[in-house]
Amino acid sequence: MPEESRLVYVCEGGDCSEKGSVELYEELKTALHERDPEGRNKLRKYPCFGGCAHGINVVVFPDRCFYSKVTKADLPDIVEHLTGSGARVDRLTGKVEKDVEQITYDLLTTGF
Amino acid sequence: MTPALLTAIPPGKPYEDLASYAASGGYRALGDALSGSGPSPAGVLRLVEEAGLRGRGGAAFPAARKWALAAAAGGSPKHVVANGGEHEPGSLKDRLLVARHPHKVIEGMALCAYATGASEGWLYLIEDMSEAVERAEEAAREARAAGLLGPARQDGGFRFEVRVVKAPPTYVAGEETAALEVIEGRKPWPRRKPPFPGESGLFGRPTTVNNVETLACVPGIVRRGPEWFRSLGTRGGVGTMLFTLDDRVERPGVHEMPMGATFRELLYEAGGGPVDKRPLRALLPATSSRFLPASRLDLPMTHEDVKAAGSSLGCGGLSFLLEGECVVERAAALAGFFKREQCGQCPACRMETSTLAAVLEQVRRGEAGDYASQIEKIVAFAAGKGHCSLIPMAAAPVVSALELFPEDFAHHASRGRCPGAPAPPR
């Protein structure tokens, strides 16, 4: 899949919302707009990944990159990943359960 | 059929009060137990077992097995919880039963307490059931004044007290361990099992949690015998069961039917059939069960028969789909209900209910991807997880709707409207 169609999902489930995912989504949207005015990264909301203990969760697809415990302070590094160096933010990966990560990629592959 | 539960109310009275209940043999079984002239505690348990009484709250678990677990468990005081935490769309039977026949429930609780060695009773209702709450409190006062209920005795003799508890109006509050949490003053979140309430329930003590209808069956079983109770059923069914029909039928409301009556007898004979005379397309025995095709109308409503057909009776709130009605709209509404009503405790349940609702909404709007694969993957991921049974309950109507009526889904997914609905004007 070409880089132009990269999708960035922010969880808007109950737990992530309580931790501020709605506000984080808006800040990420603003930051991406500044760094990616052509919109190569499409920002989306996701109902719930099921990784509630590790929210706020942000998933980059098709990169198969599952960021957990994301806060606003992490946004510059995530934006750099998406629009700059392309390097993942390792400190935010590998936290969520493996089956949660897998079902997320499986569902995103089906177009959900 | 002569009703066993919804018996006649004395003229001029809003409910079966103590005097009228006692006049028809009520509290005789408890009185015999208290005076020593009736069966022993083990004898009462044996009668319930021989009657084949199964839970009427939805899970249909054998009542005697729950009772036996609590009876055998150590710890004091033991508790009995009569669960009337009914907040399922389409079911009104618990609130009606308690509002009309509170003494049947209270005597059933007391007999359960006698059999299991409990001294503390909790009649658990939803706070918006104002009529049922009022009658339950009044009935408990009447029974207390008559010496049938009261605080534990110092000499160790049987004594049983009943308190009425009001739960918040949420679906999960009706789950048996969520009820324990509410009674202990916390929010209605189901507990992880085991331990089961019979071993460690309310305040860590052995507790028997039965639906109010289950308990209301017990006085008749003890007084008239298990054979009498079994004979109330038909076609292999045992006893009677309360079913609710909504106002889409000629005679809506709660109907007591022999267990083993057919769906046709409930819907068309007792309920008078749908007001809209279109042919039936599908049955949904309860909100949390699987759809059955209309060809199963003559299926006997026993737990075994309905399970063999792939569904369950649940708590008996029967709804249906008529020809020309779209299953996608109904499935989307049900998925939305479970999304709203899940308690938020278990991540897999949050994920399943949120994503199923979102997939159904996408299908409804004609914006779906590979929805069949998505539903299958979501349900498989969540299966076996969670503290309670809401995960399979939320999946059942959606999965069965897709299996039975794939053409409705395909039409909606490609056009964004129901089969038969006109295309929007250009």
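## Helix α15 of chain B

The buried residues of α15(B) are Tyr371(B), Gln374(B), Ile375(B), Ile378(B), Phe381(B) and Ala382(B); a residue is buried if 20 or more other C-beta atoms lie within 10 Å of its own, with C-beta atoms placed from the backbone. They lie on the same side of α15(B), because they cover an arc of only 135° around the axis, the arc being that of the directions from the helix axis to the C-beta atoms. An α-helix has 3.6 residues a turn, so residues three or four places apart point the same way. Helices are DSSP runs (H or I) of at least four residues, and strands are runs (E) of at least two, numbered from the N terminus.

This is a predicted model, in which local features need pLDDT of at least 70, side-chain atom pairs count only at pLDDT 80 or more, and totals for chains, interfaces and linings use all residues. Residues are numbered from 1 along each chain as its sequence is written, and chains are lettered from A and ligands numbered from 1 in the order in which they are written.

## Contact between the chains

The buried residues of α15(B) pack against α4 (98–109) of chain A, and also against α14, α16 (390–404) and α17 (406–415) of chain B. The contact takes 16 residues from chain A and 15 residues from chain B, two residues being in contact if their C-beta atoms, placed from the backbone, lie within 7 Å. On the side of chain B that touches chain A, α14(B) gives the largest share, 8 residues.

## A sheet in chain A

An open sheet of 4 strands in chain A has the order β2-β1-β3-β4, with mixed pairing; two strands pair if DSSP finds at least two bridges between them. Strands β1 (residues 6–11) and β3 (residues 58–61) of chain A pair in the antiparallel sense over 4 bridges. Val10(A) stands opposite Val58(A) in β3(A).

Technical notes: Buried ≥ 20, exposed ≤ 12 C-beta atoms within 10 Å, placed from the backbone.
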